[in-house]
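User: Please take a close look at a single part of this model and describe it in one connected account, with the cut-offs behind each term.

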Amino acid sequence: NLQIISHRMNVSKSRNRGLPTGVDAFRNKYRARIVVNGNQEYIGLFDSPKLAEEAYEKRLLILNR
């Protein structure tokens with residue numbers, strides 16, 4: 001089964017053990033970060049991966065305007 005996904009999502013899937021793109025586990029929380037033009041931007045620390053993913057997606061939409 002193949003998935004059509006962006007390069008960003010593909011790279012993220014291989015490193016984050018099933019966590020959503022832009023999200024990683026950090027001290028019993030979930031950290032959302034995004035890399036734009038080689039600069040890493042911290043989005044926030046969240047209680048669930050779903051909340052971190054929503055914050056990541058919201059920031060990504062703002063950047064793509």
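Analyst: Helices (H or I, at least four residues) and strands (E, at least two residues) are taken here as DSSP runs, numbered from the N terminus. The model is a predicted one, in which local features need pLDDT of at least 70 and side-chain atom pairs count only at pLDDT 80 or more, while totals for chains, interfaces and linings use all residues. Residues are numbered from 1 along each chain as its sequence is written, and side-chain values use heavy atoms, with hydrogens and water left out.

Three strands form an open sheet in the order S1-S2-S3 with antiparallel pairing, where two strands pair if DSSP finds at least two bridges between them. Strand S1 (23-26) and strand S3 (39-46) lie at the edges with a single partner strand each, so one side of each has no neighbour in the sheet. Neighbouring strands are turned against each other by 30° on average, direction ignored; the axes are lines fitted to C-alpha atoms, for helices over the stretch in contact, and angles run from 0 to 180 degrees between N-to-C directions.

Between S2 and S3, which run antiparallel, there are seven bridges. Tyr 30 has Phe 46 of S3 as its bridge partner, and Val 36 stands opposite Asn 39 in S3. Two residues separate the strands in the hairpin of S2 and S3, where Asn 37 takes a positive phi near 50°.

Within S2 (residues 29-36) lies Arg 31, which counts as buried because its relative accessibility is 16%; buried means under 20% relative accessible area, exposed over 50%, and partly exposed in between, with a 1.4 Å probe and protein chains only. Leaving aside residues up to four places away in sequence, Arg 31 touches Gly 22, Val 23, Asp 24, Phe 26, Tyr 42, Gly 44 and Leu 45, a contact being heavy atoms within 4.5 Å.

The loop between S1 and S2 holds Arg 27 and Asn 28. Most residues other than glycine have a negative phi. Arg 27, however, has a positive phi near 50°, and Asn 28, also not a glycine, has a positive phi of about 60°. Arg 27 is exposed, with a relative accessible area of 70%, and Asn 28 is exposed as well, with 81%.
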